[in-house]
Amino acid sequence: MLRFEIKKIWSKPMNQAAVLLLFVIVIAGSLLAARDVKYYKEDGSSVSGIFAAGKLRSEKNKWKGHVTEEVLKKVVEENRRAHDETDTDDEALVKYQGISDLREWINSGMASRGNYDYYLCDSILPEDAAMLYEKRVSLLKDEFAGQGHSKKEKELLMRRYEEFEAPLYYGYADGWKAVLDSQYLPTLMIITIVIIGFLISGVFSCEFQLGADSVFFSAKNGRGRGIQAKVEACFLVITAVYWAVMLLFSGLVLGMLGFQGAGLMIQTDSLNWTCMYNITFAEKWLLTMFGGYAAHLFILLFALLVSAKSRSVVAAVTIPFALSCAPMFLGRVPMLSRAMNLFPDMLLRISSFLRDNLIYEFGGKVYGVYEMLIPVYLFLALVMMPALYVWYRRSELA
């Protein structure tokens, strides 16, 4: 019966077209993510993606190693030399591509939050850059003074910052940055959840739509094995499509740009310099992927639960879209932002918001929002599977 339910899903021409569209989007998204990585030539032209990866890897790995105070000083000196030897910023960019990550690191790390200055590295002294690691802690203390963190929240952030091991080890990691820091991954997750919702929308309502509910529920295994097969089929389709999409996207981007840098700390990316999570790029990928999976399971099973109760295909299609997008816009309202950060859609955007250090205090304990949301929504998703079985089994005939 499980095979029959899965066959019903995949045999529909519209579902086949939706899956084909999804994988076209994955390929397009991976090409666009890789294209954002560029290498600039001395003649003013540039190459991107796979054509840029080898050249950037060679340039950036010249600075591979622990970023000590002496290295930070050399970065400022190299940046100044590049400007002294050229007439324009574009020409200087060609010269300092090998230190571009470290340069951005200094620009982000030496400026207060919200006051990023692209030209900061051009104006500071080498001795100032050597204070980068100390500056990170002092900026956190300034943030404490300006925001309403509780005592326990401050303790958590300070403890995470103190656990940060300096100096960091640096190397080429543009492939992982393209996967995790691009705008395409969160968008792809939303598209995936909407399309999976379309694929499984008719699983619990098709008998009612076709007028075959009396036959299904009166059959020997209709209210038992038949319903179980429906729940299992939905779980397998959600799991298979989600992981196929995410692994394909990640594999294509990393295949074009390189798998190097998986073990580097995410703070070596200037975008994550103030992040309280002391994890590597590979660990961030796992956190992002399993967080997205928990969100997919919860949102889609919740949609199926409503669909089974209402006997509506529309609910299974619209709810995933609403829960994926609506909280994001409502979160822009200041008085709603804290509450909206607890909705499951946040798990679809871990890669973009991990650096925001969202923390909550419950029951006298402080949690990072993702450390709390992933197990909670995964647990709720697992609870909804038997609930879906029981709820649908009690359905009355039309």
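Author: The dialogue below treats a helix pair and then a pocket. This is a predicted model, in which local features need pLDDT of at least 70, side-chain atom pairs count only at pLDDT 80 or more, and totals for chains, interfaces and linings use all residues. Residues are numbered from 1 along each chain as its sequence is written, and side-chain values use heavy atoms, with hydrogens and water left out.

Reader: At what angle do the axes of helix α16 and helix α17 cross?

Author: Axes are lines fitted to C-alpha atoms, for helices over the stretch in contact, and angles run from 0 to 180 degrees between N-to-C directions. Helices are DSSP runs (H or I, at least four residues), as are strands (E, at least two), numbered from the N terminus. Here α16 (residues 281-310) and α17 (residues 313-330) cross at roughly 145°, their axes coming within 8 Å.

Reader: Which residues of α16 and α17 meet?

Author: Contact means heavy atoms within 4.5 Å. From α16, the residues include Phe302 and Val306, and from α17, Ile319 and Leu323 are among them.

Reader: How many residues line the largest pocket?

Author: On a 1 Å grid over the protein atoms alone, a pocket is an open set of points where a 1.4 Å probe fits, with protein on both sides within 12 Å along at least five of seven lines; lining residues have an atom within 4 Å of a point. The largest pocket is lined by 43 residues, and Glu104, Tyr116, Asp269, Ser270 and Leu271 lie nearest its centre. Helix α9 gives the most to this lining, with six residues.
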